[in-house]
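Hello,

Here is the structure I promised to pass on to you. Have a look at it first, and then read my notes below.

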Amino acid sequence: MTNKFVDFHAHSTASDGTLTPRELARYAAKKGLAAAAKTDHDTIDGTAEFFDECKKVGVEPVSGVEMSAKYSCELHIVGLFVDINSPEFCEKLETLKNSRLIRNRQMLDALKQNGMEISEKTLLENNPGKTLKTLGRPHFAREMVTNGYVSDINEAFLKYLGRGKSCYVKRISFTPEECIEIIKNAGGLAILAHPIYITQDKDELFELFKKLKNCGLDGAECYYSTYTREFFELCLSLCEKTGLLPSGGSDFHGANKMDIDLGCANVPYTVFENMKHRKEGL
């Protein structure tokens with residue numbers, strides 16, 4: 001299995017991806033992946049369907065979630081191998097879903113105040129199966145493009161929806177330490193997602209890795225779709241120094257991120273093997 005690859009960071013229509021959980025599983029098989037995780041934002045909806053389809057197409061499935069943490073910049077914690085039937089875990093995720101509903105209504109108001117009228121009814125009609133608890137900013141961005149308010153999704157984020165912009169609305173989130181605890185209590189491995197968005201400073205990253213490791217963090221994404229070779233090697237070295245497991249994935253979103261394909265991070269199968277060893281030792 002040394003020449004096999006996995007992808008432990010991918011999104012489906014359960015959050016802001018464009019492939020259904022079953023389609024994501026089939027696409028993982030098409031890309032030749034040996035194992036894959038569906039890591040939707042703050043939700044495990046669709047995990048059962050993803051697992052069922054993965055088993056049909058010969059891909060080993062891993063349960064996952066990506067939790068947004070309260071921090072000075074974008075910091076996400078991916079949970080892998082989580083128990084999707086844990087009542088406490090599901091309750092915590094429901095809290096985050098409810099906060100997303102409030103945020104999305106506030107975002108509609110903010111868009112209106114900026115001269116961009118988008119109705120809740122139209123937004124939901126154009127996203128079948130979605131509710132205001134599951135819609136993300138990419139869905140708003142697509143609606144802005146459809147209505148001619150912006151030329152493309154990137155412009156929507158750069159001008160209006162990105163952090164600190166006029167239509168960006170914060171929502172309730174847990175601290176990184178709380179996210180780690182929630183994931184660990186659900187039997188999962190807690191992984192620091194795409195640290196390149198936090199800082200590229202070696203010393204700052206080293207301190208963050210150490211701090212979160214002391215709070216129970218299991219690993220960090222060393223393999224990622226947009227890393228340079230230098231940042232990839234930095235993450236690997238810091239994981240080795242701190243005893244964290246290397247993880248990674250593409251952060252695939254389907255048509256919402258056209259330039260990122262499933263499996264493009266080339267995460268080796270040995271990453272999966274090391275994670276299973278860690279799980280067995282817990």
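Isoleucine 77 stands opposite leucine 192 in S5. Before going further, please keep in mind that this is a predicted model, where local features need pLDDT of at least 70 and side-chain atom pairs count only at pLDDT 80 or more, while totals for chains, interfaces and linings use all residues. Residues are numbered from 1 along each chain as its sequence is written, and side-chain values use heavy atoms, with hydrogens and water left out.

Back to S5, which covers residues 189-192. Strands here are DSSP runs of E with at least two residues, helices are runs of H or I with at least four, and both are numbered from the N terminus. Strand S4 (residues 76-80) runs antiparallel to S5, and four bridges join them. On to strand S6 (residues 219-224): S5 and S6 run parallel and are joined by two bridges. Two strands count as paired if DSSP finds at least two bridges between them.

Which residues of S5 lie on each side? Leu189 and Ile191 are on one side, Ala190 and Leu192 are on the other, and all are buried. Buried means under 20% relative accessible area, exposed means over 50%, and partly exposed is in between (1.4 Å probe, protein chains only). In a regular strand the side chains alternate between the two faces of the sheet.

Leucine 111 is found in helix H3, which spans residues 87-113. Its relative accessible area is 0%, so leucine 111 is buried. What does leucine 111 touch, leaving aside residues up to four places away in sequence? The list is Met116, Ile118, Phe140, Met144, Leu161 and Cys167, where a contact means heavy atoms within 4.5 Å. Cysteine 167 is 56 residues away from leucine 111 along the chain, yet their C-alpha atoms are separated by 5.9 Å.

**The whole protein**

The protein has 10 helices and eight strands. Of its 282 residues, 52% count as buried. Its C-alpha trace spans about 55 × 45 × 40 Å along the principal axes. Among contacts between residues at least 6 apart in sequence, 73% join residues at least 24 apart.

Happy exploring!
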